[in-house]
Amino acid sequence: MPHSPSPTPTPAPVAVTPAATEISQAQEADRLLAEGKDLAAAKEYIQAAAASGADKQLEYLLKAAQASLDGNRAQVASLLSAEVLRLSQDPSQRAKALWIQAQAYQRDGQDKLARGALAELLSISAVSPEQRAIAMKELADIYQRENHDLTALDFLVKRDALLSGAAKAENRQHIHSLLDAQSSAKLKNWQGRSGDPIVQEWLAFALIAREHVDPASRAAAFAAWLQAHPGHPNIHYEHAAATPASGAKGAICTLLPTTGRFADDTLAFTAGLQVAARQASGSAIHELSDSSDPALNATQYAAGVQAGCAAFVGPALPQDINAVLGARHPQDPPILLLGDVASDPGKGIYDFDISLQVVARRVAEDAFQAGYRQAAVLYPLDAQGAAMQAAFLENWKRLGGDVAGVAHYRVGNGDTAGAVREALGSVSGQRAFFFLVAPEQNLATIVGDIRAQSSGPILLAGIPTFTSENSGGLSGAKIYALGMPWVFDPQMANGPAAEAVKQSLPQATAQQWRMAGLGVEAYGLLAKILGSTASAQQENRQLMGIAADPVRHGQRHLQWVTWQNGTLQVLPQLPRP
């Protein structure tokens with residue numbers, strides 16, 4: 001009986017082990033990473049981590065976190081590095097995760113969290129000196145952004161001990177720049193606040209360097225200090241005054257405080273300058289560091305002249321203005337001072353006073369010219385409000401105007417009816433008006449109190465916060481404000497500049513909006529000043545809406561506005577009574 005042939009056995013399926021999947025995905029991730037496809041590589045690393053054992057999982061998660069960071073997915077990088085920190089106790093892995101996390105936080109604008117990650121990184125003893133120095137530099141930069149300059153200095157000085165060669169020289173230049181940006185008074189204050197003896201030594205040497213301009217005298221003073229403080233190393237304080245970079249040549253250079261309480265104003269003013277420069281395709285803006293120390297301001301100004309600045313903007317404070325004018329020569333480039341000058345300073349020097357007192361004086365001038373003769377004055381009980389009412393009253397009385405009454409109120413206090421009544425005083429006739437200085441939080445209440453007692457015109461000054469959408473209850477007859485219309489409402493005059501500033505300063509405060517507007521207008525004035533011929537100046541006459549006295553004064557182009565049915569309207573002039 002014939003035998004049937006045996007069936008051919010079916011080959012058993014080849015099992016794909018997790019290890020093979022892991023290796024395949026990791027290799028694919030490496031390939032994608034080499035091609036610059038960071039986010040795709042991050043996904044493959046995450047899948048490789050899921051398929052791997054515990055020994056490789058954290059390694060893949062770290063690679064995925066780094067790839068996500070490189071692919072501009074900071075939040076994903078932060079989450080992945082946080083998972084590594086949750087699972088790992090290995091110092092090396094934790095250090096890598098903390099570094100990635102710090103970078104992710106900074107890119108996401110969370111400097112406070114980045115500080116925490118970097119501080120924890122520095123607490124790991126296994127971190128190399130090179131990585132430790134990099135982390136200290138990051139911390140110093142963060143603290144400088146937050147205006148904690150003494151803490152930044154502390155990290156830079158500690159970092160100095162970890163460096164050598166070119167890296168040490170660069171770090172010392174950073175230290176010198178930070179010290180140069182402080183006033184002498186602040187350096188003396190820091191001496192009592194710092195507990196680090198080496199930081200105290202840097203501070204002492206910085207003060208000595210300012211007091212002793214002659215190199216031999218300075219060296220002798222350094223040696224005397226070291227002799228009086230045994231145990232201190234010689235930090236070799238080699239430093240020449242910082243000079244502007246080559247980018248200053250042909251630029252409009254600023255002499256404005258970049259640290260301290262005026263730093264936010266400078267940021268906004270400079271943003272306005274830069275926006276106007278781009279729109280006009282004119283001279284670039286170059287920022288000279290200003291420490292608000294008169295002697296250093298004079299030095300920086302002289303260095304800017306030598307570096308080829310085409311013009312200067314600033315300073316604003318009287319003592320700084322006097323120092324810069326004392327260092328100026330008649331042939332120097334023009335300078336636009338942001339404060340009033342008591343005496344005529346001479347050719348090539350222009351004053352562009354940015355204070356709100358200028359606006360208050362302008363209210364008096366325009367009101368008197370329009371035919372008003374009696375004023376009721378109400379202002380907030382703070383330094384700015386007091387200065388504005390004083391400036392208004394001085395100019396108003398000089399012009400021959402009458403004052404019905406003057407009163408003040410406390411900001412945030414809802415009970416203002418009595419102050420309104422006191423300010424109205426002896427108001428009489430059709431040629432009276434209410435001069436009002438009020439912040440947004442008080443405005444609606446005060447306007448309501450005024451309207452309950454008077455139907456006369458209300459003239460506002462120094463209020464840059466209102467827009468068509470947020471007019472603070474201003475709609476109604478005879479309510480006028482003096483200012484820059486595009487600052488009041490970016491949809492109005494000079495809209496492109498307003499939109500560009502808005503992109504540069506998305507979180508701008510009301511004060512910063514005003515300073516940015518002044519920066520735009522200052523650039524327009526400088527464009528006229530730098531016009532090489534009379535015809536060029538005439539062509540630029542209306543640039544940014546500035547009227548400029550060719551001899552000395554810069555006159556800001558302020559316009560009256562009113563609100564009708566929630567809509568802002570620009571007026572050709574203040575309406576007559």
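Is Phe433 buried or exposed, at 3% relative accessibility? Phe433 counts as buried, because its relative accessibility is 3%. Buried means under 20% relative accessible area, exposed over 50% and partly exposed in between, with a 1.4 Å probe and protein chains only.

This is a predicted model, in which local features need pLDDT of at least 70 and side-chain atom pairs count only at pLDDT 80 or more, while totals for chains, interfaces and linings use all residues. Residues are numbered from 1 along each chain as its sequence is written, and side-chain values use heavy atoms, without hydrogens and water.

Searching the whole structure gives 13 aromatic pairs. Rings of Phe, Tyr and Trp (its six-membered ring) pair if their centres lie within 6.5 Å; planes under 30 degrees apart are stacked, over 60 edge-to-face, the rest tilted.

Take Tyr143 and Phe155. Their pair is stacked, at 5.9 Å centre to centre and 15° between the planes. Tyr143 sits in helix H7 (residues 129-145) and Phe155 in helix H8 (residues 149-160), so the pair ties together parts 12 residues apart in sequence. Helices (H or I, at least four residues) and strands (E, at least two) are DSSP runs, numbered from the N terminus. Both Tyr143 and Phe155 are buried.

Now return to Phe433. Its ring centre is 5.4 Å from that of Tyr372 and the planes stand at 75°, so this pair is edge-to-face. The pair links distant parts of the chain, 61 residues apart: Tyr372 is in the loop between helix H16 (356-370) and strand E6 (374-380), Phe433 in strand E8 (residues 432-436). Tyr372 counts as buried, because its relative accessibility is 1%.

Phe433 and Tyr372 belong to one aromatic cluster with Phe368, Phe392, Trp396 and Phe435.
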